[in-house]
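Hi,

Here is the structure I promised to pass on.

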Amino acid sequence: MDIYEAVTSRRAVRGFTDRHVPREALERVLSAAAWAPSASNIQPWHAYVLTDAPLAELKKHVGERLATGDPWDEPEYEQYPPTLKSPYGERRSAFGAQRYGALGIAREDLEARQRAAAANWDCFGAPAALFCYIDRDMGPAQWSDVGMYLQTVMLLLRAEGLHSCPQMAWAKYHRTVAEVLSPPDELLLFCGMSIGFEDVTVDHARTGRAPLDETVTFVDGF
């Protein structure tokens, strides 16, 4: 697959089939993704891949917490600043309106929004999931490295005909994830990622991007 096609076809897919994801494909992706850049080559990412019974067990445990109204775990990092200034706040609001609008959910219908959000913890039906951790001692530069690693993973998945959905939502149940994965105490769960073949029968509205002149400044002689 052409790299431009991989970039432009990658999106957060929220509807997967139960078609088996070959272990060999995941191994190819993660072996190649190890070449993602990182400052001084420290490679600060730690990935766990779940499929089959272990993933079903995790979904079951989180589903039980959801059903009983068990509150989210104490956050281990701040997902967004307390106040998102312009234009970031407007972009986030526009995404929410588009996402829930496509599902026919009104802005004020919080119960319906919560039901839709719950699909995160079923991996939107995906049969494979990756959980990415980072050492608690790492700083902002290393978090940036982890982001580049995850982007590399997602682009390589496209080359395998697979789709993905990166989900910080999994950090809200980091204790339950840890019960299944048993990571070392020094690791912090950054996000999960659903992986599988897209269910093309599920309607989706693709979010747009800001025009180039909003995010890029060319400084040259032209």
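Before the surface numbers, one definition: accessible areas come from the Shrake-Rupley method with a 1.4 Å probe, and for residues only the protein chains shown count as cover. On that basis the protein chain has an accessible surface of about 13,200 Å², with 54% of it belonging to carbon and sulfur atoms.

Bear in mind that this is a predicted model: local features need pLDDT of at least 70, side-chain atom pairs count only at pLDDT 80 or more, and totals for chains, interfaces and linings use all residues. Residues are numbered from 1 along each chain as its sequence is written, and side-chain values use heavy atoms, with hydrogens and water left out.

Now the fold. The protein chain holds 8 helices and 4 strands (DSSP runs numbered from the N terminus: H or I of at least four residues for helices, E of at least two for strands). In sequence order they run α-α-β-α-α-α-β-α-β-α-β-α. The radius of gyration is 18 Å, close to the 17 Å that the globule rule gives for 222 residues, so the chain is as compact as a globular protein of that length.

As for burial, 36% of the 222 residues count as buried (under 20% relative accessible area; exposed is over 50%, partly exposed in between, with a 1.4 Å probe and protein chains only).

- α2 (residues 23–33) has Ala25, Leu26, Val29 and Ala33 buried. They span an arc of only 95° around the axis, which puts them on the same side of α2 (the arc is that of the directions from the helix axis to the C-beta atoms). Their cover includes β1 (45–51), α6 (140–159) and β4 (187–196).
- α7 (residues 174–181) buries His174, Thr176, Val177 and Leu181. These fall within an arc of 160° seen down the axis, so they line one face of the helix. They pack against β1, α3 (52–67), β2 (128–135) and β4. Ser182 follows α7 and has a positive phi, near 55°.

Finally, Ala34 sits in the loop between α2 and β1. Ala34 is partly exposed, at 33% relative accessibility. Leaving aside residues up to four places away in sequence, Ala34 touches Gln43, Trp45 and Tyr149.

Cheers

How values were computed. Rg over C-alpha atoms; globule rule 2.2 N^0.38 Å. Contact = heavy atoms within 4.5 Å.
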